[in-house]
Amino acid sequence: MDAVTSSPRRWWALVAIVLSVLTVGFDTTILNVALPTLATALDAGNDDLQWIVNAYVLVFAGLLLPMGALGDRYGRKRLLMGGLAMFAGSSLIAVFANDSAQVIAARALMGVGGAILTPLTMAVLPVLFDDRDRGKAISLLTMGMGLGLPLGPIIGGYLLEHFWWGSIFVINIPVALIALVAVGFLVPESRAAVAKRVDLLGAGLSTLGLVALVYGVIEAPTRGWTDLWVLVGLVGGVVLLAVFVLVERAGAAPMIDLRLFRRPRFAWGTAAGTLASFALFGVLFIVPQYLQAVRGDDALGVGLRLLPLIGGLFVGAPLGERIASVTATRLPVAAGLLIGAVGLGLGARTGVGDGYGPVATWLAVAGAGIGLAITPAMDAVMGALPRDEAGSGTAITMTFRQVAGALGVALLGSLTSAVYRDHLGAAPEAAKRSVAAGVALAARTGDAGLALAARTAFVDAMGTVLLVCAAIGLAGAVLIALFLPNAERRPGAEESVDELTRVA
């Protein structure tokens, strides 16, 4: 045990890391509730609003892999501080933006900051915590990430009600700056003991491939899966990523070590984390629409009514760590996926006239299952990584989770739209665009029957989506129970020791 992993100061350093992920966490959800306001304030059309969201997502997804590798080479703390500074600076640009193009540019810069923070906040944990405490640290970090989900709509709803639209970006700045100072004073510097050369070809291929793939996935529900640009994105992304894999396997100093997937705990831990993220993204995609369009809740109400999901996550995450510390890792991971599937299955039984009580119950059950699974799954991933590759290895896992989340939202969005349109029957075409459009049209025309039909059709679609998510979670529980092995010695733990620069 070294001085860093035995110092009480490491827990204060964890607070700084949690602040960093919280900065990214509630920014995404706070923006979603602000889009109608931005449309009016900036005279932004649907395409502008879509790119305000997608500019961040595309840059973020494309840069995850190279940023993780750069952190290993040049210093994880250094890049963390740079990512926080970029996030604060780009938020300031957005505050004073005069049109949608400037907001889109600012959101793209935020995506760079997010791509730095997401893998490296997790990658510094093996430097701060040994095997005994790493699981506990991951559970606290998971809860910090989850806390941002309801905070976004709650804070966003309050700010938009009392201040101007730019206030949704102002809130990022003090949080990011506090995290920047805390990281500077509390987190030790770490990097790979043997620095690899920068793999420019690998970085370029991975970035272009992921951007193209995620673009195709994002555009598919709107344009259609057979649209030319969607096919170009999907096929081009897959081809570029296939070339990236070939280049990385053949290179003498690859950006990421694909042999990591030969380690069962890394491979199956990544798979479990991806499945848990898929379930979480599915819930966060469908439930806010249900709360707003079917139940009539405003943005603040949506945030408050998502709290049972986060409460379940807060219960499940530390419980998963405790169970994994005394028994096989596969037990809490498989059980968590199973419990999450049960919660989603209960949610699929939701009726259009149900009260909030049953909804809160199944949200809490699903959240507890996701939390129970994701903490030991990520601990398995981190435990299977050499310290030298903590950044690039974590970036691989986070990339899988983000791409799976984007793909899940696209597929589930298409499924929702198909079921909704089918169950709406002979309603006007304008009502079939979305449940919000259907309810709005019913309000304008005073057609109570159309409003009920739109809400019923959407609840039917939600049930189908949740059943699909439950089936995927159940299949994942079976696979994890069969294939996720118990703890193993950290590869390279004896051969590789991080260079640490302690903060005075």
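This is a predicted model: local features need pLDDT of at least 70, side-chain atom pairs count only at pLDDT 80 or more; totals for chains, interfaces and linings use all residues.
View 1. Helix α3 covers residues 76–95 and helix α4 covers residues 100–123. Their axes come within 8 Å and cross at roughly 155 degrees. Angles over 145 degrees count as roughly antiparallel, and α3 and α4 are therefore roughly antiparallel to each other.

**View 2. A salt bridge joins Asp-379 and Arg-134.** The structure holds six salt bridges, and here the side chains of Asp-379 and Arg-134 meet at 2.6 Å, N to O. This pair links distant parts of the chain, with the two residues 245 residues apart. Asp-379 sits in helix α15 (residues 356–383), while Arg-134 belongs to helix α6 (residues 131–162). Asp-379 counts as buried at 15% relative accessibility, and Arg-134 is buried too, with a relative accessible area of 4%.

**View 3. Glu-219 and Arg-223 pair up within helix α9.** Their side chains form a salt bridge at 2.9 Å, N to O. Both residues lie in α9 (residues 200–223), four residues apart, which is about one turn of the helix. Glu-219 is buried, with a relative accessible area of 4%, whereas Arg-223 counts as partly exposed at 42%.

**View 4. Asp-297 meets Arg-305 in a salt bridge.** The distance for this pair is 3.5 Å, N to O. Asp-297 is buried, with a relative accessible area of 14%, while Arg-305 is partly exposed at 25% relative accessibility. Elsewhere, salt bridges that share partners join Glu-219, Arg-223 and Asp-227 into one network.

**View 5. Nonpolar side chains form a surface patch of about 710 Å².** Leu-338, Val-342, Leu-346, Leu-474, Val-478, Leu-479, Leu-482 and Phe-483 make up this patch. Helices α14 (330–347) and α18 (448–483) each supply at least two of its residues. Which helix gives the most to the nonpolar patch? That is α18, with five residues. Leu-479, for example, has its place in helix α18. This leucine, Leu-479, is partly exposed, with a relative accessible area of 37%.

Note on methods
Residues are numbered from 1 along each chain as its sequence is written. Side-chain values use heavy atoms; hydrogens and water are left out. Patches are made of residues with over 30% relative accessible area and no salt bridge: like charges are joined within 9 Å, nonpolar side chains (Val, Leu, Ile, Met, Phe, Trp, Tyr) within 5 Å. Accessible areas come from the Shrake-Rupley method with a 1.4 Å probe; for residues, only the protein chains shown count as cover. A salt bridge is a side-chain nitrogen of Lys or Arg within 4 Å of a carboxyl oxygen of Asp or Glu. Buried means under 20% relative accessible area, exposed over 50%, partly exposed in between (1.4 Å probe, protein chains only). Axes are lines fitted to C-alpha atoms, for helices over the stretch in contact, and angles run from 0 to 180 degrees between N-to-C directions. Angles under 35 degrees count as roughly parallel, over 145 as roughly antiparallel, 65 to 115 as roughly perpendicular and the rest as oblique.
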